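Thanks for coming, everyone. I'll take one chain today and walk you through it. Here it is.

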Amino acid sequence: MITSLLLPATIWYIFTSGDVFDIIWGILAFVLVLMIWLVMVWGELRLKIHRIYFTTKGIEVRSFLGIGKKRTYSYDVITGFMIGLQPAYPFPYESITLMLNEKKLLRISQFYFRNYKEIKLLITERFANYQIQKFSLRKAITEIFE
């Protein structure tokens, strides 16, 4: 949210500044803030599944707010799942990460789905649970760049 506010602020600074060095520093600040914003938004939209369908063949998913490329994972490919607890105010929320051995295939977040309990029930009935994973800010940031 802060970077979203800083983007127009740096543009305003560039256009209202009269000094050449202030304009150069403003452009550099804009590029830096834009890069941080893109990484954060890209990481959030890329990693989280926003549309999911359980079919007879497997699980069909779309990321990027449901408009991304459709991917289908066969039920045979998924070897298990992990439940992660995400800190949030006023209540923490869960996310389920479906796994292929040690590789993370997709993440389903309680934050995005009203029917999360039904999705969780379908997953827990079909797959073996690996573990409950505690939240780590360092791990969350590194996952953006994976």
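Ser 95 is buried, at 2% relative accessibility. Buried means under 20% relative accessible area, exposed means over 50%, and partly exposed is in between, with a 1.4 Å probe and protein chains only.

Two notes on the source. This is a predicted model: local features need pLDDT of at least 70, side-chain atom pairs count only at pLDDT 80 or more, and totals for chains, interfaces and linings use all residues. Residues are numbered from 1 along each chain as its sequence is written, and side-chain values use heavy atoms, with hydrogens and water left out.

Back to Ser 95. It sits in strand β5, residues 93–100. Helices (H or I, at least four residues) and strands (E, at least two) are DSSP runs, numbered from the N terminus. What does Ser 95 touch, not counting residues up to four places away in sequence? Its partners are Met 82, Ile 83, Gly 84, Gln 86, Arg 107, Ile 108, Ser 109 and Tyr 116. Contact here means heavy atoms within 4.5 Å.

Tyr 116 takes us to helix α3. The buried residues of α3 are Tyr 116, Ile 119 and Ile 123. Seen down the helix axis, they fall within an arc of 65°, so they line one face of α3. That arc is taken over the directions from the helix axis to the C-beta atoms. On the other side of α3, Lys 117 and Glu 125 are exposed.

Now Lys 120. This residue is also found in α3, which covers residues 116–126. Lys 120 is partly exposed, with a relative accessible area of 24%. Leaving out residues up to four places away in sequence, Lys 120 touches Ile 83, Glu 94 and Ile 96. Take Ile 83: Lys 120 is 37 residues from it in sequence, yet 9.6 Å away in space, C-alpha to C-alpha.

Let's zoom out. The protein chain has four helices and seven strands. From the N terminus on, the order is α-α-β-β-β-β-β-β-α-β-α. The radius of gyration is 20 Å, well over the 15 Å that the globule rule gives for 146 residues, so the chain is more spread out than a compact globule. That radius is taken over C-alpha atoms, and the rule is 2.2 Å times the number of residues to the power 0.38. The C-alpha atoms fill a box of roughly 65 × 30 × 30 Å, along the principal axes. Buried residues make up 33% of the 146.

That's my tour.
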